[in-house]
Amino acid sequence: MSRDADLRYLALALSLGRRGQGSTWPNPAVGCVIVQGPRIVGRGWTQPGGRPHAEPQALAQAGAAARGATAYVSLEPCAHTGKTPPCANALIAAGIARVVAPIADLDPRVDGKGFAMLRAAGIEVTTGLLAAEAVRDHEGFFLAREQGRPFVTLKLALTLDGRIATASGESQWITGPEARRAVHAMRYRHDAVMVGAGTARIDDPSLTVRDLGVSRQPVRVVVSRRLDLPLLGSLARTAKDIPVWICHGRDADPQLITTWQGLGAKLLSCDLQGRQLDIVSVLRALGTAGLTRVFCEGGSALAATLLAADMVDELVVMNGGLLFGAEGRPALGAMGIETLAEAPRLILSDMRRLGPDVMTCWRRPNC
């Protein structure tokens, strides 16, 4: 295969893998394309719940045409036996002649062992192509393995002067239908949607993906030290049908813990930092529970806490063409910043128009 062909087919494998984002946790969302001569003979991606994996699906579709073919996989094939056999063994048994994968799987059960198994079986292995793209696709999975926490996307819907609501609290809608639809698509590509207790109390949000015809919903996460959340609200009423996880302080009222568990919620006990929940403890609790990608939608106090702790991996800002003035509610709570040098500085990674609104995406300089 030429380098151009390798790049084209590997890009397709990466795009197939993205189809599983939000549904495969705690496993990575992997894509696989099998090519025989000039033809694609098999395609697959990790299915909801993390299995079956991408490679066995693509091999099943390819059948006998897999022998002597090239497999393009968006992450190193697994080398360990879990609930399914190693994908490296499946590629070997199918007679694959060459494997192209951008990066190694940092899971210590794999981390080069899959590539070693393939090479020991006489299969040519090519790595390094589209590595930066693959690292970004699998950031959540890697963070969960390396730091024990999920990848965090923070979304803010703002006026042109950086306000999230009027002085009276009115905020629906700062942005138009195109931007709101894009937000629902982002929710769908994450394992969970997270808000603070204030947002849960004031807005009574459902935190579901709507108007996209989807068959599954992300986990709804609420960060509430005291569990002082409405017991007749939308989240409480639907907790048995769509997962609700509540991160609370170890000093929360035991009776409220029992009540929320009875409603169907999952309770995660977290450490305190002063009078507030320690956000690092919160994220590690979510990572331990299996989440790899979390989409945070506020409010201002939680957003400020995440930014101050350097726990925001991607910031998505939706700007509507409104101006609320100084009396409007600010997007962020207090962060204790006194000098310019203390302020988080992000780098623009994407910008696009969504109907009458503008979306900008920002990341840390080292991401």
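Me: Hi! Is D137 buried or exposed?
Reply: Hi there! This is a predicted model, and in it D137 counts as buried because its relative accessibility is 17%, with the cut-off for buried being under 20%.

Me: Where does D137 sit, and what does D137 touch?
Reply: D137 belongs to helix 5, which covers residues 131-137. Setting aside neighbours within four places in sequence, D137 contacts L14, R18 and Q21.

Me: Thanks. Switching to cysteines: how many disulfides are there?
Reply: The count is zero. C87, for example, is in no disulfide; its nearest cysteine sulfur belongs to C78 and lies 3.6 Å away. A disulfide would need the two sulfur atoms within 2.5 Å.

Me: And which cysteine sulfur is closest to that of C296?
Reply: That would be the one in C247, at 11 Å, so the pair is too far apart for a bond.

Me: Are C87 and C296 buried or exposed?
Reply: C87 is buried, with a relative accessible area of 1%. C296 counts as buried too, at 0% relative accessibility.

Me: New topic. Which residues does UniProt list for "binding site"?
Reply: The UniProt entry, which is unreviewed, lists S171, R187, D203, L207, R210 and E297 under that name.

Me: Let's take S171. Where is S171 in the fold?
Reply: S171 is in the loop between strand 7 (163-165) and helix 7 (177-188). S171 counts as partly exposed because its relative accessibility is 27%. Not counting residues up to four places away in sequence, S171 touches I164 and A165.

Me: What about L207, buried or exposed?
Reply: L207 is buried, with a relative accessible area of 3%. L207 lies in the loop between helix 8 (197-203) and strand 9 (219-223).

Me: What is L207 in contact with?
Reply: Leaving aside neighbours within four places in sequence, L207 contacts R187, V193, V195, P218, R220 and L235.

Me: OK, helix 12 next. Which residues of helix 12 are buried?
Reply: Helix 12 runs over residues 300-308, and its buried residues are L302, A303, A304, L306 and L307.

Me: What covers them?
Reply: The cover includes strand 6 (151-158), strand 8 (192-196), strand 9, helix 11 (279-288) and strand 14 (293-296).

Me: How far is E342 from A308, C-alpha to C-alpha?
Reply: Their C-alpha atoms are separated by 9.5 Å, and the two residues are 34 residues apart along the chain.

Me: Where is E342 found, and what does E342 touch?
Reply: E342 is in the loop between strand 16 (329-330) and strand 17. With neighbours within four places in sequence left aside, E342 is in contact with G336 and I337. E342 counts as partly exposed because its relative accessibility is 46%.

Me: Last one: which residues form the nonpolar patch on the surface?
Reply: L348, M351 and V358 form that patch, and together they have about 260 Å² of accessible area.

Me: Which strand is L348 in, and why does L348 count as partly exposed?
Reply: L348 is in strand 17, residues 347-354. L348 counts as partly exposed because its relative accessibility is 38%, and that class lies between the 20% and 50% cut-offs.

Key
Residues are numbered from 1 along each chain as its sequence is written. This is a predicted model: local features need pLDDT of at least 70, side-chain atom pairs count only at pLDDT 80 or more; totals for chains, interfaces and linings use all residues. Side-chain values use heavy atoms; hydrogens and water are left out. Patches are made of residues with over 30% relative accessible area and no salt bridge: like charges are joined within 9 Å, nonpolar side chains (Val, Leu, Ile, Met, Phe, Trp, Tyr) within 5 Å. Accessible areas come from the Shrake-Rupley method with a 1.4 Å probe; for residues, only the protein chains shown count as cover. A salt bridge is a side-chain nitrogen of Lys or Arg within 4 Å of a carboxyl oxygen of Asp or Glu. Helices (H or I, at least four residues) and strands (E, at least two) are DSSP runs, numbered from the N terminus. Buried means under 20% relative accessible area, exposed over 50%, partly exposed in between (1.4 Å probe, protein chains only). UniProt positions are given in the numbering used here, feature names are shortened, and annotations may be inferred rather than shown by experiment. Contact means heavy atoms within 4.5 Å.
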